[in-house]
Amino acid sequence: EKKLQNRVTELTNEHQERMDKLQEYAEQTKNNLTNELTTLRENTKQEKDRLLKEHADSMETIKTNHEAALTSLKEKYEGQLENKMQQMQELTKTYETDVATMKQNHQAKLDETNASYEKK
């Protein structure tokens, strides 16, 4: 009976050691996954910020180029200014529509990317 009791104690101890190792592994895995998720979130935010800045810079360049084109046309076609201004107003409406569409598409892509990362 003493042998049996010693064997039970030995098996119990081995089982506890295995359970402790499993618990440690589970905790380490949880920490690793938490760290990976944090990194992904940070990277996603950095990429989102970079894309938004790139987009804003691009829009500013387009705006600057557009304003420069308007000025040039005004100087070049002073006699035909009324006709040209009307044409430019139509182009501006199209430009604004295109910019709004681009912004919507860009935001939708950012939202899709964020959702994809947050699901992970």
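Reader: What places Lys 109 and Glu 112 about one turn of the helix apart?

Author: Both residues lie in helix H2, which covers residues 81-119, and they are three residues apart, about one turn of the helix. Keep in mind that this is a predicted model.

Reader: Why is the pair Lys 109 and Glu 112 called a salt bridge?

Author: The closest N and O atoms of Lys 109 and Glu 112 are 3.8 Å apart. A salt bridge needs a side-chain nitrogen of Lys or Arg within 4 Å of a carboxyl oxygen of Asp or Glu, so a distance of 3.8 Å qualifies. Glu 112 has 51% relative accessibility, and the cut-off for exposed is over 50%, so Glu 112 counts as exposed.

Reader: Which residues do salt bridges with shared partners join into one network?

Author: That network is made of Glu 47, Arg 50 and Glu 54. For one link in it, the closest N and O atoms of Arg 50 and Glu 54 are 2.8 Å apart; the limit is 4 Å, so this pair is a salt bridge too. In all, the structure holds six salt bridges.

Reader: How do you know that Arg 50 and Glu 54 are separated by about one helical turn?

Author: They sit four residues apart in helix H1, residues 2-76, and that puts about one helical turn between them.

Reader: What makes Arg 50 and Glu 54 partly exposed?

Author: Arg 50 has 41% relative accessibility and Glu 54 has 44%. Partly exposed is the range between the buried limit of 20% and the exposed limit of 50%, so both values belong there.

Reader: Why is Lys 53 called exposed, and what is Asp 57 called?

Author: The relative accessible area of Lys 53 is 52%, and exposed means over 50%, so the word applies. Asp 57, with 38%, is partly exposed. These two also form a salt bridge, with their closest N and O atoms 2.8 Å apart. Both lie in helix H1, four residues apart.

Reader: Is Thr 44 buried or exposed?

Author: Thr 44, in helix H1, has 8% relative accessibility. Buried means under 20%, so Thr 44 counts as buried. Leaving aside residues up to four places away in sequence, Thr 44 touches Asn 114 and Tyr 117.

Reader: What share of the protein do buried residues make up?

Author: Buried residues are 8% of the 120 residues. The accessible surface comes to about 10300 Å², and 51% of that belongs to carbon and sulfur atoms.

Reader: How many helices and strands does the protein have?

Author: Its secondary structure comes to two helices and zero strands.

Reader: What makes the protein more spread out than a compact globule?

Author: The globule rule gives 14 Å for 120 residues, while the radius of gyration is 32 Å, well over that value, so the protein is more spread out than a compact globule. Along the principal axes, the C-alpha atoms fill a box of roughly 115 × 15 × 10 Å.

Reader: How many positive and negative side chains are there?

Author: There are 20 positive and 24 negative side chains, and the centres of the two sets lie 3 Å apart.

How values were computed:
Residues numbered from 1 in each chain as written. Predicted model: local features only at pLDDT ≥ 70, side-chain atom pairs only at ≥ 80, totals over all residues. Heavy atoms only, no water. Buried < 20%, exposed > 50% of the residue type's maximum accessible area, 1.4 Å probe, protein only. Rg over C-alpha atoms; globule rule 2.2 N^0.38 Å. Areas by Shrake-Rupley, 256 points an atom, 1.4 Å probe, with all protein chains shown as cover. Lys, Arg positive; Asp, Glu negative; His and termini not counted. Charge placed at Lys NZ, Arg CZ, Asp CG, Glu CD. Contact = heavy atoms within 4.5 Å.
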